[in-house]
Amino acid sequence: MGASGTALETSDSATSDSATSDPRAPESRTPASARRQRQAGQGSWWNGLPGLVYLVALVLLPLFIILVYSFLSRAKLGVGVKWQFTLTPYTELLYSESLSGGRSFDPTYLQIIANSFWYALITSVVCLVLAIPIAMWLATRPPERRTALVFAVTIPFWTSLLIRTYSFIIILNDNGPINGALRGIGLIDEPISMLYTPFATVVGLVYTFLPFMILPIYASAERFDFRLAEAAYDLGAGKWTVLRRVVLPSVRPGVIAGLVLVFIPALGSYLAPELLGGGKSSMIANVIAAQFGASRNWPFGAALSVLLLVITLLVLIIFAIVAKRASRAAGRGGWEALL
Amino acid sequence: MDASAPALSVRDVTKTFQTPEGGQVHALDSVSLDIADGSFMVLLGPSGCGKTTLLRCIAGLEAPDSGQIDLRGQRIDDMPVWRRRVNTVFQSYALFPHMTVAQNIAFGLQMDKVPSAAIKRKVEASLEMVHLSGLGSRKPSQLSGGQQQRVALARALAKEPEVLLLDEPLSALDLKLRRGMQSELKRLQRETSITFVLVTHDQDEAMAMGDQVAVFNAGRIVQVGEPREVYLRPNSRFVADFIGEANVLTGRLDTYGLVIESLGLVPRDRLLDGTLLPAGPVHVAVRPENVTLDRDPVGTAKVTDVSYVGGDIRVEVQTASLTIVSRVPSQRVAPPSIGDRVSVSFAVESLCVVAD
Amino acid sequence: MTELDAPAGATTRRGTARRARRGVGAGLRDFPTFRAVSYLVFAFLYLPLVFVVAYSFNSNRVVSVWRGFTFSWYAEVLGNDDIQRALINSLRIAFIATIVSVILATGLAIGLLTMARAGRTFAWTLIGAPLIIPEIVFAIGTLALFVQSRVPLGVNAITLAHIAFCIPFALLPIRARLRGVDPAVYEAAADLGANEWTIFRRITMPLLAPGIVAGALLAFIISLDDFIVSYFLAGPGGTTLPVYIFGMIRNAITPGVNALSTLMLVASILIVSLSYLLTRKRR
């Protein structure tokens with residue numbers, strides 16, 4: 001699973017007008033609300049009701065329960081919570097309780113949150129650097145080949161995240177093909193330890209989320225009017241100047257959308273740090289999972305989840321302020337290009 | 001049934017749309033219209049004038065806010081679309097892309113529970129009528145625009161509706177194809193003697209096809225009549241301007257006649273309905289082909305533009321206060337040059353006093 | 001000579017003429033190194049998967065040291081009772097989740113067309129939520145919901161959760177299809193005498209069918225491949241194939257993991273390609 005709810009939303013409003021009115025009829029210049037009225041055979045809004053009810057029950061309700069749990073006490077035995085209000089789950093983020101009951105400042109979780117941010121940030125930057133060239137290259141291919149190539153970019157997304165992450169265990173381990181190749185050409189004698197390091201985690205994250213960066217940038221680049229580049233060449237600009245001054249500013253909405261689509265899911269990643277980081281590079285999601293697993297501290301896990309959700313929302317809002325049009329590009333480029 | 005009763009009668013139909021800003025648009029403002037049985041009625045007007053809204057109200061695709069629509073004396077405005085004996089040819093053709101041509105045509109007949117043998121016959125006959133025999137097994141996407149248009153026609157006509165509604169059916173075709181389809185439509189209308197109601201914004205098309213033309217402006221019908229009548233005797237400045245080209249001059253009607261500034265006086269008895277009109281300032285429309293220009297070194301007008309339009313020469317002249325357009329067949333006279341001085345005259349019978 | 005006469009921007013002939021005229025014509029759209037980077041990115045995207053597939057045929061028990069070619073891991077994997085049980089669980093979940101999510105998504109796609117603006121915004125937020133919410137949060141949220149409402153964990157619990165996040169994936173192709181339909185065809189059908197039900201049966205459904213199938217295929221692989229949500233909701237008897245693979249990776253990585261992974265990769269790629277062909281074909 002990936003990211004981008006807002007992207008979906010705005011992509012709808014951007015295109016809904018063409019869906020509800022016939023652009024060919026001159027009279028369709030009558031107001032949109034008039035066209036939205038129910039027309040024969042087009043169904044009705046209540047067709048969507050069962051789906052909405054389902055999503056409320058299985059998406060909104062779980063979030064609400066998480067919020068409630070984050071203010072409850074941990075169960076003494078087994079799973080679940082004790083129905084007693086407390087703020088402990090949130091203070092646990094900063095303080096640890098010693099056996100004697102005293103509290104002391106404990107930066108462990110702050111460190112993990114900072115790590116998560118840091119990994120997500122590196123992942124976003126690396127994805128961006130890789131994605132711009134390939135997105136531009138894709139956008140300049142002949143149309144017939146272009147669709148097939150774009151599809152080729154999306155295929156890995158549709159394969160199992162678990163297997164994709166696992167594949168790097170094979171690649172990065174001490175006997176793996178990379179170490180094998182380096183030894184083979186005599187560059188190293190001892191294998192380089194890559195697996196179970198933060199490096200492996202970031203490589204796994206980049207691998208997982210790269211398509212989410214490529215697709216929105218590609219969608220922007222595809223709409224780029226190359227006559228603008230021609231005009232710039234005509235005025236004496238060289239290739240890199242054209243790229244920097246003319247092309248990149250035009251694909252900015254795609255870049256911003258790509259950053260949202262990569263940064264947010266990367267921040268909440270579970271599998272890459274779990275399988276590739278080897279416990280040395282835990283992220284927020286791993287701590288949450290641990291609370292619902294071995295640690296049996298559901299309220300604390302819930303509080304961390306609330307924190308992750310709030311961060312996600314804040315990041316979304318910040319990006320939305322940075323570029324109002326970004327999410328629209330994400331809608332077209334991200335999900336619509338995937339499908 | 002009374003033979004002279006209209007096939008379709010529209011009474012005081014009003015339709016208002018809400019704008020998203022909370023305003024209102026009167027798409028139809030108390031529109032009334034009678035359409036004679038077996039006639040070809042054209043609803044003509046600029047974009048957004050309400051003509052398509054009226055068509056959709058008749059079809060049942062839009063519900064009027066008030067008013068009444070009768071089909072052969074039976075009230076239909078509260079009847080659902082699928083029960084009305086009225087069919088539509090859509091502007092976008094709206095052929096069902098997942099069905100073959102034959103299935104498209106058969107669809108409406110299946111809805112009427114026509115036996116399948118009869119359907120087969122009717123589909124064949126309909127295809128033949130629009131010269132598409134043998135293309136029944138094609139998908140719409142395999143047809144040209146003109147052929148799709150014919151399928152849309154055949155599909156609607158196969159149901160033998162009381163009235164056939166055509167919503168800008170030719171607007172997507174190129175000029176040459178459109179001319180061909182115009183005569184084709186007229187032929188079909190004559191042969192089937194079904195009442196046709198066609199919407200268009202193209203005045204040439206309206207003139208070429210209609211037995212009757214209803215000119216729309218801003219949600220109202222401003223004039224109904226035969227094409228020739230509407231052309232020669234526009235009843236308003238809007239109609240004069242919208243249909244063909246017209247010189248609209250301001251003048252004054254007094255006891256003796258019509259005075260047009262810088263051009264002269266026309267006695268009242270030579271004007272159409274001249275004796276009935278009240279005195280006061282008026283507008284007078286005159287068609288360019290009724291304006292005569294004569295080379296005259298001391299004429300009051302000066303030629304400012306000369307161009308060829310079709311087989312005619314269109315000449316624009318400037319008098320002290322007016323711009324006047326004249327149009328004459330090009331082979332008749334040697335064209336004047338820009339800067340020539342000319343005198344301007346009208347055939348008095350062609351003057352038409354119009355409302356504002 | 002003909003190259004000289006070709007207008008700038010015309011498709012270029014490859015080879016000598018192009019090299020000789022660097023900086024002229026269509027080559028202006030290319031930027032240096034972009035092609036090379038693109039090839040590298042494609043290699044990066046596919047090589048890891050290629051290695052998984054390749055090592056699934058490795059006869060060496062040590063996963064990443066090649067010894068020789070064998071099919072034996074496939075036989076071993078397919079003959080394993082636990083894996084068969086997990087596969088049956090996965091398929092059962094995916095089938096039911098697909099059917100239910102496609103029905104709900106079809107309703108949503110149709111409903112969205114006529115929803116008022118506020119309703120649509122709300123609906124899209126809900127539909128997009130499973131995609132934007134970190135999966136771990138969604139997983140433990142549904143876990144908490146089921147524990148709280150005493151829904152037993154296992155195959156059924158997983159199915160219920162999968163339906164929710166399959167909805168957006170099922171919805172998008174259906175919606176794309178619906179948007180490509182000229183709304184006048186519904187009017188035409190009504191005009192020709194079809195009532196609401198007939199229009200739905202004879203016009204709407206046949207037109208949506210390719211989108212529905214494409215959406216179903218996507219929902220199916222999304223459900224089949226899901227690990228995190230299934231992992232938390234599996235309970236004692238609800239082990240799915242990805243959950244089983246995770247266990248194998250955690251305990252001891254054998255080439256059997258590669259064989260199983262290869263089978264899942266092939267299934268995913270086949271299904272998504274089919275979906276792709278269905279949505280592209282008629283454009």
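**Close-up views of a three-chain model**

View 1. Residues 1–20 of chain C keep a pLDDT under 50, and the model has 15 contacts beyond four places in sequence for them. Here pLDDT is the predictor's confidence in each residue, on a scale from 0 to 100, and two residues are in contact if their C-beta atoms, placed from the backbone, lie within 7 Å. This is a predicted model, where local features need pLDDT of at least 70 and side-chain atom pairs count only at pLDDT 80 or more, while totals for chains, interfaces and linings use all residues. Averaged over chain C, pLDDT is 86, with 88% of the residues scoring at least 70. Helices (H or I, at least four residues) and strands (E, at least two) are DSSP runs, numbered from the N terminus.

View 2. Confidence in chain A is lowest in helix α1 (residues 5–20), at a mean of 35, and highest in helix α3 (residues 49–69), at 95. The mean for chain A is 81, and 82% of its residues reach 70 or more. For the complex, the predictor gives an ipTM of 0.86 and a pTM of 0.80.

**View 3. Chain C meets chain A.** In this view, 99 residues of chain C are in contact with 93 residues of chain A. Helix α6 (residues 117–132) of chain C supplies the largest share of the chain C side, 13 residues. That side divides into 71 nonpolar, 17 polar and 11 charged residues. Ala, Val, Leu, Ile, Met, Phe, Trp, Tyr, Cys and Pro count as nonpolar, Asp, Glu, Lys and Arg as charged, and the others, Gly among them, as polar.

**View 4. Chain B meets chain C.** The contact takes 18 residues from chain B and 15 residues from chain C. On the chain B side, β6 (86–89) and α2 (101–111) each supply at least two residues. The most comes from α2(B), with three residues. By class, the chain B side has 10 nonpolar, five polar and three charged residues.

**View 5. Helices α2(B) and α3(B) cross.** The axes of α2(B) and helix α3 (residues 116–129) of chain B come within 9 Å and cross at roughly 130°. That makes α2(B) oblique to α3(B). Axes are lines fitted to C-alpha atoms, for helices over the stretch in contact, and angles run from 0 to 180 degrees between N-to-C directions. Angles under 35 degrees count as roughly parallel, over 145 as roughly antiparallel, 65 to 115 as roughly perpendicular and the rest as oblique. Look for Ala102(B), Ile105(B), Ala106(B), Leu109(B) and Gln110(B) of α2(B), which meet Ile119(B), Lys122(B), Val123(B) and Ser126(B) of α3(B). The contact has six nonpolar, two polar and one charged residues.

**View 6. Helices α14(A) and α15(A) pack against each other.** Helix α14 (residues 284–292) and helix α15 (residues 298–322) of chain A have axes that come within 7 Å and cross at roughly 155°. The two helices are therefore roughly antiparallel to each other. Their crossing is left-handed. From α14(A), Ile284(A), Val287(A), Ile288(A), Gln291(A) and Phe292(A) take part, and from α15(A), Trp298(A), Phe300(A), Gly301(A), Leu304(A), Ser305(A) and Leu308(A). Eight of these residues are nonpolar, three are polar and none is charged.

View 7. An unreviewed UniProt entry lists "domain: ABC transmembrane type-1" at residues 87–278 of chain C; positions follow the numbering used here, feature names are shortened, and annotations may be inferred rather than shown by experiment. In the model, that span is 84% helix and 0% strand, and its end C-alpha atoms lie 27 Å apart. For chain A, an unreviewed UniProt entry places the feature "domain: ABC transmembrane type-1" at residues 113–319. The chain A span is 76% helix and 0% strand, with its end C-alpha atoms 20 Å apart.

Methods. Residues are numbered from 1 along each chain as its sequence is written. Chains are lettered from A and ligands numbered from 1 in the order in which they are written. A crossing is left-handed if the near helix is turned anticlockwise from the far one by less than a right angle, and right-handed if clockwise.
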